[in-house]
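Dear colleague,

Please find below the structure that I am handing over to you. My notes on it come directly after.

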Amino acid sequence: MHELPVVLDLIRVIKEEARKRGFQKVTQIHLVIGELSSIVDESVQMYFEIAAKDSPCAHAKLAFEHRPAMLKCQKCGKEFPHKKSFQCPDCGGDSVLVKGTGREFYIRSFDGQ
Ligand SMILES: [Zn+2]
């Protein structure tokens, strides 16, 4: 359910930007979603189809790009994408989450005509 307000916000922003750029309709929207954001592609798609109805975004294609959370090794300073382990692939040291990574949700770009 938490995707609904996110989707409504997304449509509001796109509509505003589309008007500024003089688009009659939006054809494609490219979204970036962090793996820790707990936002699910399918839910975004579903709410989008409902909420975008009768708006310039109505038939826009959604493209999803996923971003991993990034970890930083506390021993050697290497940054690497979180997969399963918190262990540094270079030196085996312990790592911590790089603040803010993996929680992204934003519009990378969109197209219209
Ligand atoms: Zn390391």
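The notes below cover the overall shape, the metal site and some individual residues.

This is a predicted model, in which local features need pLDDT of at least 70 and side-chain atom pairs count only at pLDDT 80 or more, while totals for chains, interfaces and linings use all residues. Residues are numbered from 1 along each chain as its sequence is written, and side-chain values use heavy atoms, with hydrogens and water left out.

Overall shape

The chain has two helices and six strands; helices (H or I, at least four residues) and strands (E, at least two) are DSSP runs, numbered from the N terminus. Read from the N terminus, the order of the elements is α-β-α-β-β-β-β-β. The radius of gyration of the chain is 18 Å, whereas a compact globule of 113 residues would have one near 13 Å. That radius is taken over C-alpha atoms, and the globule rule is 2.2 Å times the number of residues to the power 0.38. The C-alpha trace spans about 55 × 30 × 15 Å along its principal axes. Of the 113 residues, 33% are buried; buried means under 20% relative accessible area, exposed over 50%, and partly exposed in between (1.4 Å probe, protein chains only). Among contacts (heavy atoms within 4.5 Å) with a separation of 6 or more, 68% join residues 24 or more positions apart.

The zinc site

Which residues coordinate the zinc ion? The donors are the SG atoms of Cys73, Cys76, Cys88 and Cys91, at 2.3 Å. Donors here are N, O and S atoms within 2.8 Å of the metal (3.2 Å for Na, K and Ca); water is not among the atoms, so sites may look incomplete. The angles among the four donor atoms run from 102 to 115 degrees, and the site is tetrahedral, a label given to four donors if all angles lie between 85 and 135 degrees. The donor residues follow the spacing C-x2-C-x11-C-x2-C in sequence. Cys76 lies in the loop between strand S3 (70-73) and strand S4 (79-81), and Cys88 in the loop between S4 and strand S5 (95-97), so this pair ties together parts that are 12 residues apart in sequence. Cys76 is partly exposed, at 44% relative accessible area, whereas Cys88 is buried at 4%. Cys73 is also buried, at 3%. A search of the whole structure for disulfides (cysteine sulfur atoms within 2.5 Å of each other) finds zero.

The aromatic pair

Rings of Phe, Tyr and Trp (its six-membered ring) pair if their centres lie within 6.5 Å, with planes under 30 degrees apart counted as stacked, over 60 as edge-to-face and the rest as tilted. By this rule there is one aromatic pair. The ring centres of Phe23 and Phe110 are 5.9 Å apart and their planes stand at 90 degrees, so the pair is edge-to-face. It links distant parts of the chain, 87 residues apart: Phe23 is in the loop between helix H1 (3-21) and strand S1 (26-34), and Phe110 is in strand S6 (residues 105-112). Phe110 is buried, with 8% relative accessibility.

Helix H1

Leu10 lies in helix H1 and is buried, with a relative accessible area of 4%. Beyond its neighbours within four places in sequence, Leu10 contacts Leu31, Phe48 and Ile107. From Leu10 to Gly93, 83 residues apart in sequence, the C-alpha distance is 39 Å. Val13, in helix H1, is partly exposed at 32% relative accessibility.

Kind regards

Methods: Tetrahedral: all angles 85-135°; square planar, octahedral: opposite > 155°, others 65-115°.
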